[in-house]
Amino acid sequence: MSRTASPSSPRPAAVHPADTHDTIRVHGARENNLRNIDVEIPKRRLTVFTGVSGSGKSSLVFATIAAESQRMINETYSAFVQGFMPGLGRPDVDVLEGLTTAIIVDQERMGANPRSTVGTATDANAMLRILFSRLGTPAIGSPQAFSFNVASVSGAGAIEVERGGRKVKERREFTVTGGMCPRCEGRGDVSDFDLTALYDAEKSLDEGALLIPGYSMDGWYGRIFRGCGFFDPAKPISKFTRRQLDALLYKEPTRIQVDGINVTYEGLIPKIQKSMLSKDREAMQPHIRAFVDRAITFTVCPDCDGTRLSETARSSKIAGKSIADVCAMQITDLADWVHGLDDASVAPLLTSLGELLDAFVEIGLGYLSLERPAGTLSGGESQRTKLIRHLGSSLTDVTYVFDEPTIGLHPHDIARMNDLLLQLRDKGNTVLVVEHKPEAIVIADHVVDLGPGAGAGGGQIVFEGSVDELRGADTLTGRHLDDRAALKAEVRTPTGTLEVRGADTHNLRDVDVDIPLGVLVVLTGVAGSGKSSLISGSVAGRDGVVSIDQGAIKGSRRSNPATYTGLLEPIRKAFAKANGVKPALFSANSAGACPNCKGAGVVYSDLAMMGGVSSVCEVCEGRRFQAEVLEYTFGGRNIDEVLTMSVAQAEEFFADGDAKVPAAHKILRRLADVGLGYLTIGQPLTTLSGGERQRLKLAVEMGEKGEIYILDEPTTGLHLADVEQLLALLDHLVEQGRSVIVIEHHQAVMAHADWIIDLGPGAGHDGGQVVFEGTPAELVADRRTLTGRHLAEYVTG
């Protein structure tokens with residue numbers, strides 16, 4: 001007799017194998033400072049990674065999970081295609097399972113090409129060029145006729161073609177109609193050189209007349225200029241004939257022979273234009289930027305009035321607007337203009353363009369214009385601009401990886417960013433966020449807290465669970481998650497004022513403001529309200545002002561905190577003096593380098609389209625120096641042992657006794673003051689987190705002799721627990737008699753200020769005004785501004 005299942009108790013449906021992959025499983029992760037960690041991250045949820053700066057968040061999320069996802073995607077292409085792509089090595093991890101396609105939305109600036117704008121970096125300019133080529137009146141040509149990166153050229157000549165087995169010469173003509181302004185070549189500005197900053201006319205080249213960085217007469221440039229034969233290098237430049245001076249300054253590239261070697265000679269000005277002015281100012285090294293600021297004056301191109309476009313491109317209009325006019329409009333206004341156009345022949349284009357511009361507005365960047373140079377965007381603005389292309393995407397089951405998406409956002413704007421992150425999750429995507437702000441942490445479905453400390457003291461999972469569970473956890477993040485700073489009982493009395501009158505940079509509306517001196521001043525307001533415009537346009541260039549912005553520090557894997565801060569110089573000299581040898585021996589980039597690995601410590605093997613392999617140098621065993629160099633000691637330690645010290649250890653080592661080096665101790669003291677005591681002084685800059693790099697920059701700038709310090713969002717990358725140390729540092733600067741002006745959105749910094757200047761009331765043309773001046777207590781009591789309301793909610797808990 002057979003038995004049948006009762007209708008009232010149906011058999012449970014079997015789970016389909018495809019539905020069992022609900023986690024990203026990481027086992028044995030050891031990238032950078034990670035200590036062989038294991039973690040399982042739920043898919044299709046929003047997971048926030050927390051922990052102090054340097055605890056290993058970026059190493060886990062970016063250097064392990066996202067890097068492996070990108071590497072595996074690259075491997076799906078043919079070997080031929082992979083040969084043109086950057087080689088990605090496999091992260092140091094035992095097992096990575098359950099990965100999906102990763103889209104990284106990081107803080108990296110959007111390129112430093114001076115031709116790159118908000119419009120060209122997104123698809124907006126491309127669509128506008130098509131729109132004007134179809135509807136513009138008069139019609140002037142294809143979309144490239146509206147591009148400031150395409151020059152108009154024409155030519156004619158004879159060409160030889162093979163036809164029917166015979167070679168025939170034919171005359172051909174060609175014409176390319178581009179939109180580039182011929183005067184400024186699509187840059188929007190023209191440069192004028194101050195010749196006195198290029199050379200000392202009373203000296204000869206042999207005497208070192210050239211004042212340009214890197215143009216030493218002892219180097220290759222010196223050999224070319226002295227051996228070119230166009231002028232006498234022993235004659236003072238003031239004695240040059242007009243022809244000789246023209247050859248020195250303007251001569252076009254010319255092949256010459258110097259010491260039996262064929263080289264190209266080029267005048268100073270075209271050479272500078274190619275080597276220095278082809279880069280965006282923000283991407284230049286500090287000494288190059290200082291030279292450019294001193295020697296070259298940039299003025300708005302008189303022919304195109306800064307629009308970068310030719311007169312022909314500006315003559316074609318739609319509804320009375322040229323492409324230059326619409327690119328100069330605020331994006332909120334441009335979106336309205338596009339929505340007002342109605343032409344069936346370009347309906348799909350208008351729909352796509354309208355959606356793109358609406359995405360700008362939705363993400364809080366409606367105050368920008370498409371002509372804004374991409375290099376001038378802050379890290380937060382760049383990140384949100386990259387996010388735009390993903391907002392309307394139909395892709396699902398994608399892993400989105402964000403690096404502090406709330407950077408540069410006023411508390412009012414953070415709620416909007418949170419909504420966007422939740423939208424991405426609700427479409428079925430996995431969202432991984434590295435974050436410090438409690439307002440962004442609280443929306444997480446899952447939290448992974450790394451620590452317990454930073455650097456060698458971190459790299460472990462100290463908590464996994466929900467936000468409510470985190471509040472009860474005995475970790476730094478858990479203890480500080482609900483911290484609220486109190487308003488200061490007493491504020492300092494200013495020692496004077498810094499007057500700003502008629503400030504009208506960008507969206508500022510003829511602003512007059514007195515900035516108190518000798519106190520801690522916080523400049524705040526929603527993103528795009530005009531804070532940076534006020535400081536950069538009216539304050540930063542004054543004498544005695546030291547400005548510390550958000551620009552990324554430059555450095556390769558050979559650069560480290562010791563080289564970047566100048567710390568290595570006094571250390572090398574101390575070693576050289578103690579041992580009676582030359583300082584160059586104690587540099588891994590100079591005479592002391594291991595000959596096998598050239599001072600890199602590793603030997604790199606390029607495997608073409610496959611990820612390169614690096615292995616520890618067998619000769620120096622990763623120490624980077626020759627064996628004989630390591631025999632020299634100072635204070636009982638060799639140079640390798642010194643470079644493997646933490647900042648705190650090195651500060652104690654160089655403080656007194658046989659190893660006392662005051663110059664080194666002074667720099668180390670500043671590094672410790674900004675909270676980098678755990679950092680190894682020989683650690684490559686490429687392994688530092690964003691927060692660590694900014695604080696390293698702060699430590700360097702603190703050594704400048706300035707009376708007024710300007711800090712642009714110094715809490716970027718700082719854990720909640722580190723903000724207290726930053727506030728103590730700011731107080732220390734003020735107590736030393738310095739004036740400190742901070743552009744900041746963090747409420748703890750606002751509450752700690754002596755004086756607040758609030759700009760707004762909105763962004764773009766809705767901002768640009770001072771809406772409040774006074775103490776934090778007065779701002780909380782006033783509550784009329786967005787900042788006042790959010791600060792009041794913060795201090796009252």
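Predicted model: local features only at pLDDT ≥ 70, side-chain atom pairs only at ≥ 80, totals over all residues.
Reader: Which residues of H4 are buried, and what covers them?

Author: The buried ones are Ala124, Asn125, Met127, Leu128, Arg129, Leu131, Phe132 and Ser133. Their cover includes helices H3 (118-121), H10 (323-328), H11 (331-339) and H12 (347-362), plus strands E12 (317-318) and E13 (321-322).

Reader: Why does Phe80 count as exposed?

Author: Exposed means over 50% relative accessible area. Phe80 sits at 64%, so the label holds. Phe80 is in helix H2 (residues 79-82), and together with Tyr77, Val81 and Phe84 it forms a nonpolar surface patch with about 480 Å² of accessible area.

Reader: And why is Thr406 called buried?

Author: The cut-off there is under 20%. Thr406 has 1% relative accessibility, so it counts as buried. Thr406 lies in the loop between strand E14 (399-403) and helix H14 (411-426). Beyond its neighbours within four places in sequence, Thr406 touches Ile414, Glu435, Lys437 and Ala440.

Reader: What makes E9 and E10 a pair of strands?

Author: Pairing takes at least two bridges. Strand E9 (residues 254-258) and strand E10 (residues 261-265) have five, in the antiparallel sense, so they pass the test for pairing. Arg255 stands opposite Thr264 in E10. The two strands form a hairpin with two residues between them, and Asp259 in the turn has a positive phi of about 55°.

Conventions: Residues numbered from 1 in each chain as written. Heavy atoms only, no water. Helix = DSSP H or I, 4+ residues; strand = E, 2+ residues; numbered from the N terminus. Patch = residues over 30% accessible without salt bridge, like charges linked within 9 Å, V, L, I, M, F, W, Y side chains within 5 Å. Areas by Shrake-Rupley, 256 points an atom, 1.4 Å probe, with all protein chains shown as cover. Salt bridge = Lys/Arg side-chain N within 4 Å of Asp/Glu carboxyl O. Buried < 20%, exposed > 50% of the residue type's maximum accessible area, 1.4 Å probe, protein only. Contact = heavy atoms within 4.5 Å.
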